[in-house]
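Me: Got a chain here that I'd like to go through strand by strand. Can you take some quick questions?

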Amino acid sequence: MFGLFFFILFTPGVSEFICTSSDLDMSYTFCDSIAHAFTFNLTPCTTMNKYDWKAALTWIPRNDIHFLKIVFKVWYDGARSLTWKELLCSGADDKYSVCGTLKGETLVSAFDIKGSRINFPKGNYSIIVQGFSDDSENNMLICLNFTMIVKQDAY
């Protein structure tokens, strides 16, 4: 049983199921074919009149994390709708727990995701989250492809 858990956790290309509910399905895959030690959870599993979520992640990075730039790209029904970049770690005076994590260390973090007061329209969303170890976005640490299917409109 323990071996099966690690096979699923570390196998590239396998879709990891996050949650399902009457109004939402969420899962993710890795963008590359490299095995990652990573898990992500989100609660509650709904977008209906909900603007705050609790997230938890566990990650064993393959590189030291002294610099981390995150790039979010969101598509809605095949059309790009948002690109957002955020510098999480610069190596000086960092406020996030991921900053300073060393290669091979287990990072366990829980955090809130606070959304805007916009209701998500029914449809298919693709969210690419990339983590880079440089500002030029050449050295990718991790890349996740989240699929979010909103099954019903909130209005």
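Me: Which residue in β4 is the bridge partner of Ala37?
Reply: Ile60 is the bridge partner of Ala37 in β4. This is a predicted model: local features need pLDDT of at least 70, side-chain atom pairs count only at pLDDT 80 or more, and totals for chains, interfaces and linings use all residues. Residues are numbered from 1 along each chain as its sequence is written, and side-chain values use heavy atoms, with hydrogens and water left out.

Me: How many bridges join β3 to β4?
Reply: Seven, and the two strands run antiparallel. Strands pair here if DSSP finds at least two bridges between them.

Me: What sheet has β3, β4 and β7?
Reply: An open sheet of three strands, in the order β3-β4-β7, with antiparallel pairing. β3 and β7 are the edge strands, each pairing on one side only. From one strand to the next, the twist averages 15°. Axes for such angles are lines fitted to C-alpha atoms, for helices over the stretch in contact, and angles run from 0 to 180 degrees between N-to-C directions.

Me: Back up a bit. How many helices and strands in the protein chain?
Reply: One helix and nine strands. The pattern along the sequence is α-β-β-β-β-β-β-β-β-β. Both kinds of element are DSSP runs, numbered from the N terminus: helices are H or I with at least four residues, strands are E with at least two.

Me: Now β8. Is the strand enclosed or open?
Reply: Eight of the ten residues of β8 (residues 123-132) are buried, so the strand is largely enclosed by the rest of the structure. Buried means under 20% relative accessible area, exposed over 50%, and partly exposed in between, with a 1.4 Å probe and protein chains only.

Me: What does β8 pair with?
Reply: Strand β5 (residues 68-76) pairs with β8 in the antiparallel sense over eight bridges. β9 pairs with β8 in the antiparallel sense too, over ten bridges.

Me: Give me a bridge from each. Which β8 residue partners Ile70, and which β9 residue partners Asn124?
Reply: Gly131 for Ile70. Ile149 for Asn124.

Me: Where do side chains point in a regular strand?
Reply: In general, they alternate between the two faces of the sheet.

Me: Switching to cysteines. How many disulfides?
Reply: Three. A disulfide is a pair of cysteine sulfur atoms within 2.5 Å. With the bonded cysteines numbered in sequence order, the pairing is 1-3, 2-6, 4-5.

Me: What does Cys19 join to?
Reply: Cys45, S to S 2.2 Å. The pair links distant parts of the chain, 26 residues apart: Cys19 is in strand β1 (residues 16-20), Cys45 in the loop between β3 (37-43) and β4 (52-60). The link is right-handed, with 75° about the S-S bond. Cys19 and Cys45 are buried.

Me: And Cys31, what's its partner?
Reply: Cys143, with S to S 2.1 Å. Cys31 lies in the loop between β2 (24-30) and β3, and Cys143 in strand β9 (residues 140-150), so the pair ties together parts that are 112 residues apart in sequence.

Me: Why is that disulfide, Cys31 and Cys143, left-handed?
Reply: Because the torsion about the S-S bond of Cys31 and Cys143 is about -60°.

Me: Which residue forms a disulfide with Cys89?
Reply: Cys99, the sulfur atoms 2.0 Å apart. Cys89 sits in strand β6 (residues 79-89) and Cys99 in the loop between β6 and β7 (107-114), ten residues apart. The torsion about the S-S bond of Cys89 and Cys99 is about -85°, so the disulfide is left-handed. Cys89 is buried, with a relative accessible area of 0%. Cys99 is buried at 15%.

Me: Where does Ser109 lie?
Reply: In strand β7. Ser109 is buried, with a relative accessible area of 15%. Leaving aside neighbours within four places in sequence, Ser109 is in contact (heavy atoms within 4.5 Å) with Ala55, Ala56, Leu57 and Ser97.
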